[in-house]
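Thanks for making the time this morning.

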Amino acid sequence: MMRLGVAESWMEREMDHENIENDHVADLYLQGKLTPEEADRFEEHYLSCQECLDRLGRAERLARGFKRAAAEDAARLAAVRQAGFFAALARLGRSRQAGLAVAALFMVLLLPGILAYRELGRLGQELDRTREALAREQEKPAPAAPSTPTVVEDRAALERAQRAEAERQRLEGELERERSARAGLEKDLAQARQPQTNTPILSLSPERSAGGAEPTHQIRLPATPGWIVLSLELDAPEFETYQVTLLRAGQEIWRGNGLEPNETDSLSVSLPTALLNPGDYVVRVEGAPAGGRPGPVAQFTFRALKG
Amino acid sequence: LLERTETEVAAELVRRIHQGKGRDTAAETELVRRYSRGLLYMLRRMAGDPALADDLHQETFRVVIERLRERGLEDPERLAGFLHRTAKNLFIGGYRKVVRRKTEGEVEGLEAVPDPAADPHQRAVREEESALVRRLIGELETDRDRQILYRFYIAEEDKERICADLDLSSLHFNRVLFRARQRFKDLLESAGVR
């Protein structure tokens, strides 16, 4: 990339350290922003210049330090955003908070339960009607020679009643399961509304060695359910969006599409710890070209340990 | 003065190696000593693979010394340029298909490049760099200075754009970067790193 004003004047000037410093030549070289001619000229200079080699080393460390610090901050921010809904809830007044939470619970949990209740009620009424009809039939004086159609009608009514009873039992079981799931989720909701401190963050670099090696990154799963943040370092992002797949023993655990790298060329993924069990995991990152199939870009591994 | 001294030394080395025809080992050793670090740095950036860079480094010196012994150089003061071209040609000629230049992505060379983060020492170094940068940021006096550094080092925005957005003079921009580099140098030295 041509840097008008800076690089041109630098190329025209004497190669001395004052110009190299003032025109930020070492930084621009490391950022790949010098033209090939400028880069060649600087390389020829630093081949025998210990001062510029020291300068380059420090510039590299400084830029890397900034990017790493930013990646760590971005990963923390991602964790906070992940809990954004609950944080927003926490900021509301207590009555609105409760109202919103109840509305959310209604949508997610109670609505299916109510539908089940309605179905149960409908079947109950049908069952009652059938029972009444059966009772009326039984109260009638027994005919001397019962005609065949009456017996058939009674049997049909009995079968309907049995079917309705079985359906009622099934729906009652379903309702009980809904109630149990709701209790569990209410507990999780209450826990998630609490601020989470010391969110574990795992910065991963791409695996470059051949597969099969032991994962070098480890994370200890917290004892209580919460979140962990994976910060996936991309070497040179070429795609606008990426697909990330989490696998364990070859089985897909989670997949996310349309993920965009942050300004430090990393992808941050927050995962609920409930998704993870102790063991080795592979995180596959695929680049998603516009209108094309995702292709492999990098692979990361880590080991989750029991907390 | 610096470049003149360098060109004078280079011309002297070329002359001695050519006249010695392999017998002036002191001149050849001096050639390697003088250019080795810079050449290796350049090759590591170019190849993105330390092992490959080591091979190219050795091969470059072999080719250059043989050439100097046999024919010398038409422009002996441009010894650094000759070393530079030779190293690049060797890389482009024989190795381009194996590993692409680091700045162009490393996808093809993934298998060959060791993971620096897997090395506990490297990891510790990176953590230390991050800690020093955080300390440096914490010591900055104004948010604007912090913004300048973030935008230059993280977002890699151009100086002109940063100056225009923040209504800065070129001098102010240079001063902030100069102080940050100087402070980082001090922090590295106090941490025992050159």
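Before I name any residue, let me say that a residue is called buried when its relative accessible area is under 20%. Please also keep in mind that what you see is a predicted model.

With that cut-off, C52(A), at 0% relative accessibility, counts as buried, and C49(A) counts as buried too, because its relative accessibility is 7%. How many disulfides does the structure hold over all chains? The count is zero, and C49(A) accordingly takes part in none, although the sulfur of C52(A), the nearest cysteine sulfur, is 3.8 Å away. A disulfide would need the two sulfur atoms within 2.5 Å, so the 3.8 Å between the sulfur of C52(A) and that of C49(A) is too far for a bond.

Let me now turn to chain B, where helix α6, residues 143-154, packs against helix α8, residues 170-190, at an angle of about 80° and with the axes 10 Å apart. Because angles of 65 to 115 degrees count as roughly perpendicular, that is how α6(B) lies relative to α8(B). By class, their contact has eight nonpolar, one polar and three charged residues; on the α6(B) side these include I148(B), L149(B) and F152(B), and on the α8(B) side F173(B), V176(B) and L177(B).

Looking at α6(B) by itself, its twelve residues reach 16 Å from first C-alpha to last, close to the 16 Å expected. Its buried residues include D145(B), R146(B) and R151(B), along with I148(B), L149(B) and F152(B). After α6(B) comes E156(B), whose phi is positive, near 55°.

Conventions:
Residues are numbered from 1 along each chain as its sequence is written. Chains are lettered from A and ligands numbered from 1 in the order in which they are written. This is a predicted model: local features need pLDDT of at least 70, side-chain atom pairs count only at pLDDT 80 or more; totals for chains, interfaces and linings use all residues. Side-chain values use heavy atoms; hydrogens and water are left out. Axes are lines fitted to C-alpha atoms, for helices over the stretch in contact, and angles run from 0 to 180 degrees between N-to-C directions. Helices (H or I, at least four residues) and strands (E, at least two) are DSSP runs, numbered from the N terminus. Angles under 35 degrees count as roughly parallel, over 145 as roughly antiparallel, 65 to 115 as roughly perpendicular and the rest as oblique. Contact means heavy atoms within 4.5 Å. Ala, Val, Leu, Ile, Met, Phe, Trp, Tyr, Cys and Pro count as nonpolar, Asp, Glu, Lys and Arg as charged, and the others, Gly among them, as polar. Buried means under 20% relative accessible area, exposed over 50%, partly exposed in between (1.4 Å probe, protein chains only). The expected span of a helix is 1.5 Å times one less than its number of residues.
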